[in-house]
Amino acid sequence: MPPTIPGFTYHRVPVADGVSLNAAVSGSGSPVVLLHGFPQTHLMWRHVAADLAADHTVICPDLRGYGASDKPAETDGSYAKRTMADDIVTLARALGHDRFALAGHDRGALVAFRAGLDHPDTVTHLACLDVLPTRDMWDVMHGVTAAVGFHLYLMAQPPGLPEELIAAAPDAFFGHFLDLWTDDPQAIPADVRTAYLDACRAAVPSIVADYRASAGVDLAHDRADRDAGNRLRMPVAVLQQDWGAALGFDAAALWGAWAPDLRHSTVTCGHFMAEEAPADVAKALRDLLAR
């Protein structure tokens with residue numbers, strides 16, 4: 001059995017036809033939903049979730065296509081962030097919460113961002129960790145510096161080749177990111193790393209489908225919102241590594257165009273900040289919730 005978050009109760013909640021999400025829940029008080037990134041599961045929030053559960057109801061799901069949640073076949077829109085955001089709203093409502101704060105890391109931050117735009121009366125506060133909105137992400141990738149995001153281009157290809165290549169050496173592929181993006185390897189202990197690799201190995205087609213959507217339908221949705229002038233109405237906190245210095249963009253300015261009520265912070269830890277600096281992340285989320 002993969003590790004679990006101690007003290008959390010696990011639920012399997014239907015959120016769409018043929019799709020149920022695995023979710024860990026604990027605590028009482030105002031609800032906070034925490035969405036994981038790639039190549040991880042809800043376990044990445046284990047430290048922060050335990051901290052917040054002291055005075056909040058904390059919900060940590062595995063996203064559609066990841067971990068122990070269902071992995072539907074790829075169809076038009078099945079892995080759009082709009083669809084995945086709808087999953088999260090349905091999950092929270094099924095657990096008794098019509099409004100909630102939402103934080104996401106990496107891929108989960110893209111789902112959280114879309115939920116904030118599509119469900120502004122439901123998402124009370126929004127935190128996005130170490131990511132840019134899809135439209136901006138593609139715009140800042142230029143020249144050889146874009147090699148850092150080679151996986152974005154690989155998984156944007158039509159169905160077939162990306163899945164075959166990744167499935168041929170899944171532990172090497174997914175493990176590459178766990179190693180490259182971690183400043184403190186001890187932050188991801190062996191049992192958690194094994195759980196991440198096991199989960200990813202069993203989810204290659206759905207993980208690729210999630211990324212492929214970001215080169216298609218997700219990009220179209222972001223462009224439509226930008227053209228319509230849609231912006232995030234709730235207080236927003238963004239924590240990021242200083243990718244802008246390496247790739248030549250102003251991350252705070254890019255986020256500010258989407259979020260009028262923004263607090264943007266640059267961190268010194270690695271990409272997996274909820275595991276490498278959980279106290280700092282928990283404090284940032286508490287500060288957000290107090291706004």
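**Close-up views of a predicted model**

View 1. Leaving aside residues up to four places away in sequence, Ser 78 touches Arg 64, Ala 73 and Thr 83. Ser 78 belongs to the loop that runs between strand S4 (57-61) and helix H2 (81-94). A polar atom of the Ser 78 side chain lies 3.3 Å from the backbone oxygen of Ala 73. The relative accessible area of Ser 78 is 8%, and Ser 78 therefore counts as buried, the cut-off being under 20%.

**View 2. Helix H8 (residues 190-201) and the helices around its buried residues.** Helix H8 has twelve residues, so at 1.5 Å a residue it should span 16 Å. The end C-alpha atoms of H8 are 16 Å apart, which agrees with that value. Val 192, Ala 195, Tyr 196, Leu 197, Ala 199 and Cys 200 of H8 are buried.

**View 3. The contact of helix H9 with helix H10 (residues 217-228).** Two packed helices are described by the distance between their axes and the angle between them. For H9 and H10, the axes come within 4 Å and cross at roughly 35 degrees. On the H9 side the contact is made by Asp 210, Ala 213 and Ser 214; H10 contributes Val 217, Asp 218 and Leu 219. By type, the residues of this contact are three nonpolar, one polar and two charged.

Methods: Residues are numbered from 1 along each chain as its sequence is written. This is a predicted model: local features need pLDDT of at least 70, side-chain atom pairs count only at pLDDT 80 or more; totals for chains, interfaces and linings use all residues. Side-chain values use heavy atoms; hydrogens and water are left out. Helices (H or I, at least four residues) and strands (E, at least two) are DSSP runs, numbered from the N terminus. The expected span of a helix is 1.5 Å times one less than its number of residues. Buried means under 20% relative accessible area, exposed over 50%, partly exposed in between (1.4 Å probe, protein chains only). Contact means heavy atoms within 4.5 Å. Axes are lines fitted to C-alpha atoms, for helices over the stretch in contact, and angles run from 0 to 180 degrees between N-to-C directions. Ala, Val, Leu, Ile, Met, Phe, Trp, Tyr, Cys and Pro count as nonpolar, Asp, Glu, Lys and Arg as charged, and the others, Gly among them, as polar. A polar contact is a pair of N or O atoms within 3.5 Å; within protein, one must be able to donate a hydrogen and the other to accept it, and residues adjacent in sequence count only if both atoms are side-chain atoms.
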